[in-house]
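This report describes the packing of helices and strands in one part of a predicted model. The structure is shown first, and the description follows.

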Amino acid sequence: MFQFAIDRGGTFTDVCARCPNGKIRVLKLLSEDPSNYADAPTEGIRRILSDEGCHTLPSREPINAANIEWIRMGTTVATNALLERKGERMALATTAGFRDLLFIGNQARPNIFDLQVRCPDVLYEDVVEVNERVVLKNERCQMNWRGIESRNGITGEQVLVMKPLDEIQLRQDLLIVKGKGISSLAVVLLHSFAFPDHEQRVKQIAEEVGFMHVSVSSEVMPMVRAVPRGFTAALDAYLTPCITKYLKGFCRGFDESLTQNKVLFMQSNGGLTRMDRFCGSRSILSGPAGGVVGYARTTASTPVIGFDMGGTSTDVSRYDGTFDFTYESTISGVVVQSPQLDIHTVAAGGGSMLFFRAGLFVTGPESAGAHPGPVCYKKGGPLTVTDANLCLGRILPEYFPTIFGQSENEPLDKERSMLAMEKLTGEVNTFLKSSGQKPMCVQEIALGFIKVANETMCRAIRSITQSKGFEPKKHVLACFGGAGGQHACAVAKNLSISKIFIHRYSGILSAYGLALADVIQERQLPTAVAYTPESFIEIESKVEQLLQECDKPLLDDGFRKDRIRHEVYLNMRYEKTDCALMCQAMTVNKPDKQFTKYGDFLTCFHNRYEAEFGFVLPDRQVIVDDIRVRAIGMSDFYVDSPSHVPKKVVPTPEKKMSCFFEEGFLDTSIFVLEKLAPGSVITGPAIIIDKIGTIIVEPNCEARITAQGDVEIFIEYTTSSRKQLTATLDNIQLSIFSHRFMSIAEQMGKVLQRTSISTNIKERLDFSCALFGPDGGLVSNAPHIPVHLGAMQVAVQFQLEALRGDLHPGDVILTNHPKAGGSHLPDLTVITPVFFKDRLKPVFFVANRGHHADIGGITPGSMPTTSQNLDQEGAIFVSFKIVDRGVFQEKALIDKLMAPARVENSSGARNVRENIADLQAQIAANNKGIGLVKGLIEEFGLDGVQAYMHHIQENAELAVTTLLKDIGKRLGGKGQTKVCLSAVDSMDDGSEIKLKVEIDCLTGKAVFDFTGTAIEVYSNYNAPFAVTHSAIIYCLRSMVGHDIPLNQGCLSSIMIIIPPRSLLRPSDEAAVVGGNVLTSQRLCDVILKAFEVCAASQGCMNNVTFGDETCGYYETIGGGTGAGPNWNGRSAVHSHMTNTRITDVEILERRYPVIVNRFHVRNNTGGAGRHCGGNGIVRELMFRKNFTLSVLTERRVFAPYGMEGGRDGIKGRNTLIMANGREVNLGSKNTLYVKCNDILRVETPGGGGYGNPSDCIPSDTEGLC
């Protein structure tokens, strides 16, 4: 019987079929061709059945499926619906008070330097607030719950039903929504992972009133965290109806002999499922997953890196005998919480557009897409990577189909690509001439763009390997996809990979992988038990339940029991941490009471934790959050195994052509893959043409054709292969080093996030990582938290001066003092010098800064509102060697952390164990950076790396001076050589920040003069001078409008004048905890006001801290952003100097004795204007025990300003609602003792409006002002 594996992509549909006689047929056709067929997969099946002699099958008539054993499909139908926002009209039903839970999300903005904050739209168009509320029982709670119903949750936790479900009101509200024509509903109620009863009842009522589809979060993905679970349920409700419609249309192409068990669809987890079980939330990676399975099952050697390069993007993944999974990802701005293959997508493909900006070669992320496509498609498209390859002679138009041009019947047009590249070459050479460099030819520039595109893809591969402790060079590169073969050799060389594998079906490997995939059923249950022998019975009972649930559908589908295997996972974490790992049991030889009957999960957990994070916490109890079972019905589709090693053959090329490589123009042999016999050996340079792709065999590479017809490429490395650089500037290398330096800082950040244990660093991401030169100058700073930008440079340079040669290999420095470049005391900076071989002085420095939840001081959380001196704010480190020549100074560190206890009414650090664990994580992150820096030096030589360090700093200076020249011309008018700008704004106590900016229009140099700013205050919102540096770098980078290197060059042309003992340069003993989080925001408002860029954002971080001697919690709350000349402000998001996440409601209530009463957008608080400011947030916290509360905020007295006639945003307000009903205004800043049942309500400010309100278009500003 026939077996069909079909990958329906956005542009092409690939078909791989095994015929009854064992013959394999492959076919590629357009996914959309309505003039010829209604459905591409159906048409592919029809053509193959007709060709193989079943009988002629007329188009548009149903196909007899009697001769079809199975059809396996991967599809981008759901993915495309999500990307294009063309899913089903849907509504969201959520707990009352949380209508904007998914709109707010984690309150972080996607691009910290985009003043026009662009967050993806939510999927729902209406919200039903469900009157119900449950909370988890908390042992520290002091509230009286008498009369409140208590229920057992499915996790084993006690659930308190504070408010029963109001079914009457719910039914009325659902009918109203249904009357609007909405028929799909997502339901996400707080704590439904533990107590799904209310959600189930909502589903029943929704179906009763006529909703056609209802996705319930506790069914779709029963895991803690309301936001990602809610996003996943919304995604399911948005996409599943689309899939259902597509499946109905597909089935109409067949007669009744096509039964449901014949059609299987690929899920995001790499497993197949029957089409009636295929749902939206598990379909997003349906297409790419087939490719991962394909290379995993066909590449003989492991470990393997999958490299799937297409027209718009490139997918990279890793396989080492088992698949790598992730359980939470973000796709098109939607958080998806479900098991899925770990596939990293980067915006680099054949259609990536080419730019030359301020001396840098830039590829993407903008793409030409299929329409209009590259220049060579002859549809008026932009210059792209494909055009660059064409200009180099690496793409041969005569071997491509004639499907281009307006009539889609013409060949690729190389001449057009050359003309466009020549024009860009003129721009590049004009720049090079102005800076005294040699001009470049068209081919050199085209190759430069190819190199930069390759580095973009290598950066993604390093992210999935090096950041997890794997070396790329120890992998095989498995290349597939339409464009990958053109770049595989160059990418492999950049990563020192020696072998490339290209399957004979590489162009349709996703389809072939579908044929090889297994059928998988997965089930998951949340739990909340400690992993101890006492809990094993409960764990095993739940595993048994899940096994039965998984096996039944597989048995129903005809799988024998001996063809079903199982995988059991426990999602485990250390108590009081948030990082859970999905662990599979290790096999044990004999039964033991210390192990479950499914094996030893604990050892697996400890081993994985140590492997990923570098340490374990042996004294901490291990908690099981979830139990997951995976039942696998094994595929019977076989893969050809090598039967023999073919005899070597040297084939005759079709012809030879001149192609451009690193060495210049070289004679290049052209071969056609289908004509190459097994055993053929091809020495590069060569081009192998396949029907569905082009393979470039570069010089010093050798391609071999295997017995099965696959292509293996071996790369020869010699001592001369090392890339020695001179100090002379090469702008192509400059562009590559921009990626490499930034990659180091980014990978340090990934290690820090993974290895830390505190909520602040691991979940809220309140940290930054950076690389510095031997002089302490900033080289690259990953864009983590803006208030840290540039400030760490001051810290590193202070240590260089303070220690003066007292730096040795193995030393690590800890600092946080404002005079030493600190921002505020909770931000602990860890600095490590990088020594190389026999060099006596550091050749680089790496550093990171992380916010610790508590380091002592007069209030829990170390964010007091009443501090007047620095020593009241916590532990102080000026220049402390936390590691001295390789020895961790734990005792001295603890003494320092506990030192604040000697200050009156103060305490030492309240959770020293957590401080130490996070500091060890910060040290580990620096160690990762050191390894990457040394690897870069080994690859390019120390002199070359340091030369490009200076070049990249000079490039940043060029970008800023160009910006300032442009601003000078725009604001100063023709002929003016100097422009003066000024602005002033006030803190809530009346203290003014004054700024005068003088720009030299000829040189682009500027003076930022803060003379006239208020003197330091006897409070804590004095800002260390390093914070002003950060604010200026942030504002300049935001005004540039495109990516530039973030380093000390940004300030090289800037002179900063700050009067001593002022608000912005206080004395050493001044309190500063609020300066970092409040004054920094006002600095941004003042700078952007002076440059007339946009209206003021909320101007605050809305800091809330509560705790006692046993625990402490800290959060910052978003608000509205300012409108600009052509944009509305964004509501309910962080702005300017912070971008920290907010803790999920369910995590907060589970861990701390507090209840979040409300969390939603504060409507109509943005300033009116032609473009309106964004709205603020309303957040209410009810305390379940007595706590010390600190509220540290701004913009409660002076409103965020409007611009160009726009109105001010609405001011914020902090209110305490006491248990007896009394309401009091807390003002901007307050520290107080709150009692059980007291409520804090924080209402954050809106952003200012821009332009005359009478010019606004109401439909564009609805709900904002």
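## Helix–helix contact

In H16, residues Gln733, Phe737, Arg740, Phe741, Ile744, Gln747, Met748, Val751, Leu752 and Thr755 meet Ala921, Gln922, Ala924, Ala925, Asn926, Lys928, Gly929, Leu932, Val933, Leu936, Glu939 and Phe940 of H20 (contact: heavy atoms within 4.5 Å; helices: DSSP runs of H or I, at least four residues, and strands: E, at least two, numbered from the N terminus). By class, 13 nonpolar, six polar and three charged residues take part in the contact of H16 with H20 (Ala, Val, Leu, Ile, Met, Phe, Trp, Tyr, Cys and Pro count as nonpolar, Asp, Glu, Lys and Arg as charged, and the others, Gly among them, as polar).

The axes of H16 and H20 come within 7 Å and cross at roughly 155° (lines fitted to C-alpha atoms, for helices over the stretch in contact, with angles from 0 to 180 degrees between N-to-C directions). H16 is therefore roughly antiparallel to H20 (over 145 degrees; under 35 is roughly parallel, 65 to 115 roughly perpendicular and the rest oblique).

## Sheet

Seven strands form an open antiparallel sheet, ordered E37-E36-E40-E39-E38-E41-E42 (two strands pair if DSSP finds at least two bridges between them). Strands E37 (778-781) and E42 (887-888) are the edges, each pairing on one side only.

Helix H16 (residues 731-755) lies across E36, E37 and E40, at about 145° to E36.

## Basis

Residues are numbered from 1 along each chain as its sequence is written. In this predicted model, local features need pLDDT of at least 70 and side-chain atom pairs count only at pLDDT 80 or more, while totals for chains, interfaces and linings use all residues, and side-chain values use heavy atoms, leaving out hydrogens and water.
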